[in-house]
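Student: I have a structure to read and some terms to learn. Can we go through the terms one at a time?

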Amino acid sequence: GEVRRDGYQWGDTMSYAMYAFIPRLLWPNKPSVSRGAWFTAYLGAAAREEEATTSTGISATGELYWNFGVPGVVIGMCGIGLFYGLLWRMAGTNPQSPLRMLLYVLVSIPGMLDMPEAVTVYGGILSQFLLFSVIFYVLEMGRGKLATS
């Protein structure tokens, strides 16, 4: 109904993406990345975001459609699928190490089943990719040094 009434938002509801990827380590007072309280206020269930006592979820599909229509859903969800596939490949075909199994579980259970706003999903995928890339790299470097000793 929002799209019929006001048209596409063309990224306006995704403005939090500008700061979503900045770690709280660098910006401790960063505004909330979750849009649940904002959406609750937008729907009229709270006077302001700060006063919302509940969180109304926006799915990645809904946010992409609201902003860019069907092409946005197709492109955005394909991107999410491709990036989850990248994480899946990082976990390996037979994740026997505890870290690879952790990545496998993070991708398969909370990642794919609990899908919040699109920017939040992309942020989660990026943070998992960076974290596990660094961990796997450090572990490989450590194994290389042990093998040469």
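Tutor: Start with Thr40, which has a relative accessible area of 1%. This is a predicted model, in which local features need pLDDT of at least 70, side-chain atom pairs count only at pLDDT 80 or more, and totals for chains, interfaces and linings use all residues. Residues are numbered from 1 along each chain as its sequence is written, and side-chain values use heavy atoms, with hydrogens and water left out.

Student: Why is Thr40 called buried?

Tutor: Buried means under 20% relative accessible area, exposed over 50%, and partly exposed in between, with a 1.4 Å probe and protein chains only. Thr40 has 1%, so Thr40 is buried.

Student: What is Thr40 in contact with, leaving aside its neighbours within four places in sequence?

Tutor: Contact means heavy atoms within 4.5 Å. On that basis Thr40 is in contact with Ala45, Ala46, Ala52, Thr54, Ser55 and Thr56. Thr40 itself is found in helix H3 (residues 36-42); helices are DSSP runs (H or I, at least four residues), numbered from the N terminus.

Student: Is Phe68 buried, exposed or partly exposed, and why?

Tutor: Phe68 has a relative accessible area of 31%, so Phe68 is called partly exposed. This residue lies in helix H4. Not counting residues up to four places away in sequence, Phe68 touches Tyr8, Trp10, Gly11 and Met14.

Student: What makes a set of residues a nonpolar core?

Tutor: The members are buried Ala, Val, Leu, Ile, Met, Phe, Trp, Tyr and Cys residues, joined through side-chain atoms within 4.5 Å. The largest such core has 20 residues, and those touching the most other members are Ile80, Tyr84, Leu87, Met90, Leu103, Val121 and Ile125. H4 gives the most to this core, with eight residues. A second, separate core of five residues includes Val3, Trp38, Phe39 and Ile58.

Student: Which parts of the model have the lowest and highest confidence?

Tutor: The predictor's confidence in each residue is pLDDT, from 0 to 100. Its mean is lowest in helix H5 (residues 98-113), at 77, and highest in helix H4 (residues 60-91), at 91. The protein chain averages 83, and 91% of the residues score at least 70.

Student: How do the residues lining the largest pocket divide?

Tutor: They divide into nine nonpolar, four polar and two charged. Ala, Val, Leu, Ile, Met, Phe, Trp, Tyr, Cys and Pro count as nonpolar, Asp, Glu, Lys and Arg as charged, and the others, Gly among them, as polar.

Key: Helix = DSSP H or I, 4+ residues; strand = E, 2+ residues; numbered from the N terminus.
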